[in-house]
Amino acid sequence: MDAREKAYQWVDEHRDDMINLWKDMVTIDSGIGVKEGGMAMGDLCAGILEKLGFSIRRVSYEKCGDTIIAERGDMTKPFVLLMGHMDTVFFKGEPERRPFTIKDGKAYGPGVLDMKGGVAILLSALQALEAAGVSDFPVKVILDADEEPAHCFSNAPEVIQKEAAGAKCAFNFETGFTDGSLVVQRKGCWRFFVEVYGRGCHVGNDPENGRSAILEMAHKIIEIEKLTDFSKEYNVNVGTIEGGTVANAAPAYCKVECDFRYTHPEDLPVLRQKVADVCAKTYVPDTTTKVSDNVGFAVMPRLEGNMALLAVAQEVAEESGFPRPEARLCGGGSDAAYTTAAGVPTLCAVGVEGARNHTVEEWADVESLFRRAKQMAGILLKVREKETIC
C-alpha cells in the first residue's frame, strides 16, 4: 500500500472523528467581534497542529482572536502554505440558536461551510499524511480570526503576504462549490461609504428651508447603481442606507454603504473616479457629499502557477476517481489575494462543498468533507516532490 492509499484509508477509518472535529468547530461561537470564540478556535487548531509536530507562533490583536502561524520542517526551503479563517459572518449567540446538525447528507450550522468545514479538511489532510508516514516536507499553516469583516480588527493581510514569502504554492480552504470547481481567480472588493449632509426643518411650519439629504442620496444611489457593467466584469451594490429622524422633519443626514466588485486591478482607480464624479454632482441645492473608504479585498489574479496547481488537482481527481475540478472565477474576495500578491501560486476554495453561505440556510455536503480531505492529501503528495510549481 503506497502513501496515498494509506492516507485515504486513514480518512475512511476516521470519518466519525472528522465529523466530531467539524461539530466542535461549529459549536464554538467565533462570529464577528467574538474574540473569545476566535481564541478558542485558535487553541483547538494549534493543539492539533502541535501534536503533528508543528511549532506555533501567534499574532495577537485587541478585538479578535490570534492569527495562528504553524510551521514544520525547514522553512528556508520552498514550503507549502495552507491557510484559512476561523471566524464566521454571524454575530454572537448564533451557534446556540442553530447548532450543528446533519440531515439527509447535509450539515447545517453557522460557518459549517464558510469555512469551518475547510479548516477541518486542512487539519484532517495533515493527520492523514502523518498516519501514512509522510511529514518530510516543509509546511506552514496560517489561520486568522477576522476574515469575514475583511480584517477590520487586524493586519492579517500584511501578515499573510509577509509569511507567504518563500512558499512554492498555497491552498486556501475557503468555501467549495457543489460542481467541484476550484477557484483560480477572484474579483477584488472595494467597499465605501457615501454621506450626504443637508439641512433639517419642520416640514409643516418651514418646508421651504429644508434640504433633504435622503432625496439627494436617492439620486446618487440610482447613478451609482448604473455604474455596473457586466461586460467589463464589475458590479456595484448599494447595500445599506440610514438617515432621517421622523417623518415630519426634513432629513439632514443620509449614509449608504456600497460594495464594488472588479476583476482587474487597473479597474479600481477608474471606478473610484466614476464614483467621485457621481458624488460631485448636486441635485438638491445646498447639500454636500462625502465619500470614504471602508474595508475590502484585493484581486486574486489568475497566475500561471494557479493553473498549474489546478492541473495537479485534476490529475489527483482522475487517478482517484473523484469528479474532475474545473477552473472558476469567483466574485467573492478571500485571503488568496494576499498570497498571489506575494507571487505564490494559489488554489482557493478547496474546502467542503455546499451553498448558501452567509445565510441561515447555509449547508455543506457531508461526503465532500471526506473526499476533499483525500484529494488534498493526494495533491500535497504530488507538490511535495516539486521544487517549483511552474
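An open sheet of 4 strands runs in the order β11-β12-β10-β13 with antiparallel pairing, where strands are DSSP runs of E with at least two residues, numbered from the N terminus, and two strands pair if DSSP finds at least two bridges between them. β11 (235-243) and β13 (288-297) stand at the edges with a single partner strand each, so one side of each lacks a neighbour in the sheet. The model is predicted, and local features need pLDDT of at least 70, side-chain atom pairs count only at pLDDT 80 or more, and totals for chains, interfaces and linings use all residues. Residues are numbered from 1 along each chain as its sequence is written, and side-chain values use heavy atoms, leaving out hydrogens and water.

**Within the sheet**
- β10 and β12 run antiparallel and are joined by 10 bridges.
- C189 stands opposite R261 in β12.

**Aromatic rings**
- A search of the whole structure finds 7 aromatic pairs, a pair being rings of Phe, Tyr and Trp (its six-membered ring) with centres within 6.5 Å, where planes under 30 degrees apart count as stacked, over 60 as edge-to-face and the rest as tilted.
- W190 and F260 form a stacked pair, 6.3 Å centre to centre with 5 degrees between the planes.
- This pair links distant parts of the chain, with W190 in strand β10 (residues 188-197) and F260 in strand β12 (residues 253-262), 70 residues apart.
- W190, F192, Y234 and F260 form one aromatic cluster.

**Charges over rings**
- The charged end of K106 sits over the ring of W363, 4.1 Å from its centre, the criterion being NZ of Lys or CZ of Arg within 6 Å of the ring centre and within 35 degrees of the ring normal.
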